[in-house]
Amino acid sequence: MYSKNKSFYNTQAWKDLKAYCYERDKGCCQRCGKFVFGKRAHHHHKVPISVNPSLKLSKRNVITLCPRCHMIVENEGKTKKNTGFDWKL
Ligand SMILES: [Zn+2]
């Protein structure tokens with residue numbers, strides 16, 4: 001499922017964007033507000049790449065999340081079938 005975007009997550013552009021967002025969010029999860037230590041921080045696309053690939057490097061589309069919230073947010077996204085988008089990543 002993730003293989004399609006695997007190369008993207010290895011690009012320097014994505015790593016730079018993650019570093020930028022981590023600093024912008026002060027290393028805090030944007031859902032629960034908890035500080036997430038650098039290596040544990042997850043970065044989440046508010047609009048999934050599969051929905052709008054042009055937003056994959058948009059700073060506004062990427063937020064810092066803790067691993068727990070990331071899982072919750074991803075699951076919430078999957079249930080929003082009624083929006084007409086294909087939310088699976
Ligand atoms: Zn959190």
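Which pattern does the protein chain follow, read along the sequence? The answer is α-β-β-α. The chain has 2 helices and 2 strands. Helices (H or I, at least four residues) and strands (E, at least two) are DSSP runs, numbered from the N terminus.

This is a predicted model: local features need pLDDT of at least 70, side-chain atom pairs count only at pLDDT 80 or more, and totals for chains, interfaces and linings use all residues. Residues are numbered from 1 along each chain as its sequence is written.

**Stop 1: helix 1.** Select residues 12-24. This helix has 13 residues and reaches 18 Å from its first C-alpha to its last. That is close to the 18 Å expected at 1.5 Å a residue; the expected span is 1.5 Å times one less than the number of residues.

**Stop 2: the strands.** Select strand 1, residues 42-45, and strand 2, residues 62-65. The two run antiparallel, joined by 4 bridges. Strands pair if DSSP finds at least two bridges between them. Click His44: its bridge partner in strand 2 is Ile63.

Stay on strand 2. Val62 and Thr64 point one way, Ile63 and Leu65 the other. In a regular strand the side chains alternate between the two faces of the sheet. A residue is buried if 20 or more other C-beta atoms lie within 10 Å of its own, exposed if 12 or fewer, and partly exposed in between; C-beta atoms are placed from the backbone.

**Stop 3: Leu65.** Why does Leu65 count as buried? Because 24 other C-beta atoms lie within 10 Å. Select His42 too: Leu65 and His42 are 23 residues apart in sequence, yet 5.1 Å apart in space, C-alpha to C-alpha. Beyond its neighbours within four places in sequence, Leu65 is in contact with residues including Cys29, His44 and Val73. Contact means C-beta atoms, placed from the backbone, within 7 Å.

**Stop 4: the core.** Select Cys21, Cys29, Val36, Ala41, Val62, Ile63, Leu65, Cys66 and Cys69. These 9 residues form the largest nonpolar core, a set of buried Ala, Val, Leu, Ile, Met, Phe, Trp, Tyr and Cys residues joined through C-beta atoms within 7 Å. Strand 2 gives the largest share, 3 residues.

Finish on Cys66. Not counting residues up to four places away in sequence, Cys66 touches Cys29, Cys32, Lys34, Val36 and His42.

Note on methods. Two residues are in contact if their C-beta atoms, placed from the backbone, lie within 7 Å.
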